[in-house]
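Let's take a friendly walk through this structure together. Have the sequence and the 3D view ready, and follow along one stop at a time.

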Amino acid sequence: MNVEQQSATMPAIQVENLSKTFGKGESAVTVLKDINMQVAGGEVVGLLGPSGSGKTTLLQCLGAVIDPDVGRITFGGETLFNDGWKQQDRRALRRDHIGFIFQRPYLIPFMDATENVAFLPMLQGKSNKQAYQRAHDLLELLDVAHRADAHIEQLSGGEQQRVAIARALANNPPVILADEPTAPLDSQRALTVMKLLHEMAQKSSAAIIVVTHDENIIPLFKRLYRLRDGILHEELQQAD
Amino acid sequence: MISLAYRDIGNSFGRYLFTGIGIGLLIGVTLTIAGVFRGMVEDGRALLKVADADIWVVQQNTLGPFAEPSSLPDDFYRGLLALPGVDRARNVAYLTLEIGSDTQRVRVMLQGIDPDTFLSNIIAGRPLSRSHYELVVDQRSGFQIGDTIKIHRHEYRVVGITEGVRSPSGDPMVFLPLKDAQEIQFLKDNDALYRDRKKLRDNPQLNPPNNPQLIDAVEQSLFSNHRVNAILLTTRAGFDPDQIAADIEKWLRVTAYTKTQMEQILIGNLIATGSRQIGMFLAILTIVTAAIIALTVYSMTQTKLKEIAVLKLIGTSNFLISRMILLEALGLGLIGFLSGKLAVTYWAPLFPKHVVLLMDDTLRALVLTLIICVLASIAGIRSALKVPPSSAIGG
């Protein structure tokens with residue numbers, strides 16, 4: 001099944017009528033208003049918006065880091081949130097369903113590259129052998145297997161970002177949330193990272209939502225979501 | 001599962017090790033101070049053991065030679081020997097002074113004893129056998145058999161070495177014949193003697209022209225010493241030392257202490273102030289050590305809050321994060337304890353005071369260190385658990 005077909009059958013992530021308000025009474029601020037979105041497996045979408053528009057809040061809601069007020073979140077057909085989380089252990093939910101990529105790699109400095117990737121499968125209860133094999137496969141896929149035993153400070157910025165992407169894929173998540181992954185990079189490296197994310201989305205069938213301000217990479221998305229004053233607008237564009 | 005603590009320690013092992021050693025030096029100082037206190041107690045007990053007396057007879061209403069001046073006539077023991085139950089009575093005299101050569105001066109406590117007194121702690125040489133000019137010294141004084149030591153006007157030869165015999169203040173004990181000790185106690189230099197004699201002879205009441213023998217008698221009385229500091233009694237089997245001591249006090253108008261009472265004076269009373277002071281030092285050092293471990297663990301946690309947020313975000317349980325911090329704190333405590341124990345083992349013999357390192361104290365220090373580490377890690381764990389995983393998102 002190709003990406004288009006998969007997208008047509010079942011979205012990897014579907015968000016319906018999601019709202020989030022901070023504060024109460026007169027000081028209440030509604031940051032997200034009736035958000036609806038869906039992303040297919042293997043698809044990479046951009047999430048844009050000015051500062052304070054609610055991008056990070058939406059990412060935190062989708063990442064089960066903060067609680068939306070109302071709405072429904074479905075990952076791969078499984079409803080995880082329906083006016084409340086179905087699973088009490090949010091940490092386990094994140095561990096099993098979501099991959100994260102941050103502005104900076106935020107790799108664990110006291111582990112080597114392989115351990116950074118293998119740690120997540122281990123948390124899922126995989127054996128050490130399975131976890132290390134998964135890490136090795138991913139590092140090879142991302143072309144950093146030759147740096148598998150290197151400590152984080154010995155890796156270049158680009159290598160660190162590849163290891164971070166491998167970590168995000170390690171638990172085989174249906175959804176990857178990327179928070180401005182190209183922000184600290186120059187335009188050439190930013191393009192390389194985005195190309196890598198597209199490749200990984202295709203290979204892993206994960207839906208990737210990329211929060212970005214980077215004008216250079218916006219043309220790479222076929223679909224964009226723009227947040228303005230808490231309202232999400234979908235845009236289609238001809239990707240490069 | 002990857003051990004977070006092991007990996008984190010391994011990543012900055014040098015810094016971790018040196019921090020542990022720094023804490024270890026503090027633990028070493030704490031153990032040393034405990035050892036000094038134990039040394040004081042052991043010295044007191046060793047002194048009583050060497051004295052080998054069931055009853056200590058001292059000047060009336062005094063606490064004995066180690067706590068207060070005590071003086072008794074040296075022929076007083078004859079009356080004590082006449083009491084039922086008293087097997088042996090020995091005069092002893094104590095005085096503290098510095099002896100040795102010009103280059104090596106040692107502060108010692110001299111104990112004047114009868115030459116035939118049995119000394120149980122002799123490890124080399126022989127006991128005193130002559131009435132004059134012989135010494136048996138404790139090995140901590142540094143003197144060797146055959147050394148000649150000048151004390152005031154006379155020279156003494158070292159004939160025996162004892163082990164572990166010290167005064168309650170930690171000075172090595174030196175045994176010498178009682179008569180020599182009595183002489184040293186009252187011995188004056190020649191100039192002082194000349195001045196005192198001249199003063200006496202210039203006094204017409206003590207040196208009348210018609211009675212030349214009077215001044216000789218006065219000088220004889222003033223310039224010789226027939227007093228001792230205590231008399232040590234050994235009781236016969238079947239007699240109650242408490243009863244004998246009570247009888248002595250009742251009939252002979254002196255004070256008599258049993259061995260238990262003297263131990264209480266030596267260890268309970270005499271060392272009490274020192275032990276309170278040492279207790280304060282120990283308490284302060286324990287608090288300082290705890291504060292340093294807590295601060296170290298806390299700052300170690302603070303430096304990796306972002307990583308902890310990421311760990312939480314990707315699904316690491318609080319248990320794993322808390323275990324990392326706790327194990328790092330315990331590791332720090334163990335390195336500290338081992339290096340402290342090693343340090344104190346090497347530096348204790350260099351202390352002028354007797355430092356006794358008991359296994360019980362060592363084990364107590366280990367348990368206390370680990371408890372401190374557990375408590376100290378609480379601050380770090382609390383700050384780690386407070387970190388919201390959301391702080392990893394949004395820069």
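Helices here are DSSP runs of H or I with at least four residues, numbered from the N terminus. Their axes are lines fitted to C-alpha atoms over the stretch in contact, and angles run from 0 to 180 degrees between N-to-C directions.

Keep in mind that this is a predicted model, in which local features need pLDDT of at least 70 and side-chain atom pairs count only at pLDDT 80 or more, while totals for chains, interfaces and linings use all residues. Residues are numbered from 1 along each chain, chains are lettered from A in the order in which they are written, and side-chain values use heavy atoms, leaving out hydrogens and water.

Start in chain A. Helix H5 (residues 128-141) of chain A packs against helix H6 (residues 157-170) of chain A at about 135°, and their axes are 9 Å apart. H5(A) and H6(A) are therefore oblique to each other. The crossing of H5(A) with H6(A) is right-handed, meaning that the near helix is turned clockwise from the far one by less than a right angle. Arg134(A), Leu138(A) and Leu139(A) of H5(A) touch Val163(A), Ala166(A), Leu169(A) and Ala170(A) of H6(A), where contact means heavy atoms within 4.5 Å. Six of these residues are nonpolar, none is polar and one is charged. In this grouping, Ala, Val, Leu, Ile, Met, Phe, Trp, Tyr, Cys and Pro are nonpolar, Asp, Glu, Lys and Arg are charged, and the others, Gly among them, are polar.

Now move to chain B. The axes of helix H9 (residues 272-302) of chain B and helix H11 (residues 318-347) of chain B come within 10 Å and cross at roughly 140°, which makes H9(B) oblique to H11(B). H9(B) also passes H11(B) in a right-handed crossing.

Finally, look between the chains. Here 27 residues of chain A are in contact with 27 residues of chain B. Together the two chains bury about 2500 Å², 69% of it on carbon and sulfur atoms; buried area is the accessible area (1.4 Å probe) that two parts lose on being put together, summed over both. How many salt bridges (a side-chain nitrogen of Lys or Arg within 4 Å of a carboxyl oxygen of Asp or Glu) are there between chain A and chain B? The count is one: Glu115(A) pairs with Arg7(B), with the closest N and O atoms 2.5 Å apart.

Key:
Helices (H or I, at least four residues) and strands (E, at least two) are DSSP runs, numbered from the N terminus. Angles under 35 degrees count as roughly parallel, over 145 as roughly antiparallel, 65 to 115 as roughly perpendicular and the rest as oblique.
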